[in-house]
Amino acid sequence: MTAPEPVVFPTDPAGWTAFATERPTAAVAVVADVDARLVAGADLDAAARLDLWNDADIALQQATSEAYLLSEAHPDAAVRQVAEEQVQKLEALSASRLLDRDLFAALSDLEEDTLDGQQRRLLAKVLLDFRRGGVDLPDAERERVRELTDRDTELSLEFSRNIRDGRREIRVAPTALAGLPQDFLDEHPAGDDGLVMLTTDYPDLMPVREYATDRVTRTAIVAAYNDLAWPQNDAVLAELLEVRAERARLLGYGDWADYETEPRMISGGTRHGGQAIADFLAQLDEASAGAAGGEYDLLLARLREDDPSASEVTIADFFYLLSTLRSERHDVDAQLVRSCFSFDRVLPGLLSTTGRLLDVAYVPVEVPTWHGDVHSYDVMRDGRRLGRIHLDLHPREGKYNHAACFPLAPGVSGRVLPEAVLLCNFARGLMTHDEVVTFFHEFGHLVHDILGGDQRFARFSGTATEWDFVEAPSQLLEEWAWDADVLADFTANAAGEPIPAELVARMKVADGFGRALEVRRQLGHANVSYHLHVDRPSDLQAATEHWYDATSPVKPLAGLHSYAGFGHLTGYGACYYTYQWSLVIARDLLSGFGGDLMDPDAAARYRREILEPGGSRDANDLVGRFLGRPYSFDAYRVWLTGT
């Protein structure tokens, strides 16, 4: 069998518009042919029908992934716009198929006893998709669901576009940058007006909020960041919440949270998982409240050393105070740590570390891509190409401005080579340790996509597990960014010396300080995500500020509009809880390595039981096979409180 080939991008910059339109057009034609054969194919047996459905899945998934990527990453705004239009068309096609009664009839009466386990799993998932898509509804309701689903896609794309294009700037006096490292100051000279321009891009935002001793400066940049895409996204989000609520109601769910959670771990397979979110958030609240209160008192006391009139710690103070106290209490100088992490060493170091862990090699390939910043690699094992990855790691105008893994091609055994892309916004020079941890996290999604991409059906390829499990492998990989032996292999200060093991040990102890407050911050995001969708408040600003204020003693900046730039509200919807749910699992998965992160037997078992199955088994089964037992909350509680 001929090995599948990777995606071939245009070599001529003028060819991108054609690429962005012709490939979706070809996919639509494939799907039309498949659907016609399914509807007309009374003589097709069950296996043949599922194979045809898989053909359509492959075409739709790949075309949609390519279009989404270009809409978020291509440097040409015209190409991004064309790609967005194709996403809308492809998502509309996907939704319309699930409303097609003839297609449903072609799959709903299959003889399951002729199918093997993977075929039965695929059939069950597809039939659930049809029912969740509205195929059983009366005609008028089906048409309304179609309209609402298409509008959801349109609004979500607009919401994301406004964030992507919404970068803000502030200008400050050079003296306002006291505390920032010298290389940052060198890269930010004053302009003709004598002021320094700072942007809300991560390479500016993250150092300023952590190192700037001037509280006014910290507040100004965090305030600018918390007003990204406002007021543009105010009306967009308000309508999106209403669209989702009406769609959930028409489909027979209590609210959007019930709808979203049905196929996820938290629901237990019921149609009422929304309450389970509230119960889980209450569990997090109980677990973190006591420790968070003690941590907050220390932060406020330290803030008053700088500003005796301070009455509260705000989110603009949070990262600075954590860094300061970790330095003073645990002798961890964040700027000294940063001096050991240059991007040109972190990238090969991460590749080397994960290569050893996962028994793969990353071979650089020179191929045309959408931008000169992109690094492309073939992922190899024993001379066999397992997949291809593309790393687009630095900020630029018009590019996705967070950090995420984007699928590109769904791996299907012998047919489609798995490919995936990282879109991140890291500094080109020295990186904060937080950035390094983020890099490991996002790379965890990337390798999950590739190693899980040897599947019979596209539906189960890569990270296609339950959505509230998908973060667990990435959160687990963060641990390697805290291991002294791992870091010694690729860190270096100005003298070429690796980061000392004693410093890493102090970093790990210091990281425990503020952990409960960080969980409260994440709990705030989860509460906003959940309550905006379930409560549908008329005043988005007031409701968002209320939930952040009620959740954490660290206060939000008053009067701002962080919901407008909360990009997870589109893809994660009401379910930002996912991050802490997955972290509970990740903390328990860590126990499977027995204290040695590079243990070859544990690593092989992890690849085999967690990553390589993709979505071909339920997440509880994956975890149980790796740990030899069900996961529990205990490891997370110990991590959170130390007891």
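Where is the place of aspartate 382? Aspartate 382 sits in the loop between β4 (375-381) and β5, and the legends below start from the whole chain and then come back to that loop. This is a predicted model, in which local features need pLDDT of at least 70, side-chain atom pairs count only at pLDDT 80 or more, and totals for chains, interfaces and linings use all residues. Residues are numbered from 1 along each chain as its sequence is written, and side-chain values use heavy atoms, with hydrogens and water left out.

**View 1. The whole chain has 26 helices and seven strands.** Helices (H or I, at least four residues) and strands (E, at least two) are DSSP runs, numbered from the N terminus. The radius of gyration is 25 Å, close to the 26 Å that the globule rule gives for 643 residues, so the chain is as compact as a globular protein of that length. Here the radius is taken over C-alpha atoms, and the globule rule is 2.2 Å times the number of residues to the power 0.38. Along the principal axes, the C-alpha atoms fill a box of roughly 80 × 55 × 55 Å. Of the 643 residues, 58% are buried; buried means under 20% relative accessible area, exposed over 50%, and partly exposed in between (1.4 Å probe, protein chains only).

**View 2. β4 and β5 form a hairpin with two residues between the strands.** The two strands run antiparallel and are joined by seven bridges; strands count as paired if DSSP finds at least two bridges between them. Across this pairing, aspartate 378 stands opposite arginine 388 in β5. Back at our opening residue, aspartate 382 takes a positive phi near 50 degrees in the hairpin, and this residue is exposed, with a relative accessible area of 78%.

**View 3. Isoleucine 389 lies in strand β5 (residues 384-392).** Isoleucine 389 is buried, with a relative accessible area of 1%, in a strand where seven of the nine residues are buried. Leaving aside residues up to four places away in sequence, isoleucine 389 touches Tyr362, His375, Ser376, Tyr377, Val379, Ala420, Phe443, Leu446 and Ile450; contact means heavy atoms within 4.5 Å. Valine 447 is 58 residues away from isoleucine 389 in sequence and 8.6 Å away in space, C-alpha to C-alpha.

**View 4. β7 pairs with β5 in the parallel sense and with β6 in the antiparallel sense.** Five bridges join β5 to β7, and five bridges also link β6 with β7 (residues 419-423). Strand β6 (residues 404-409) is mostly covered, with five of its six residues buried.

View 5. The peptide bond from tryptophan 230 to proline 231 is cis, with omega near 10 degrees. At 40% relative accessibility, aspartate 359 counts as partly exposed.
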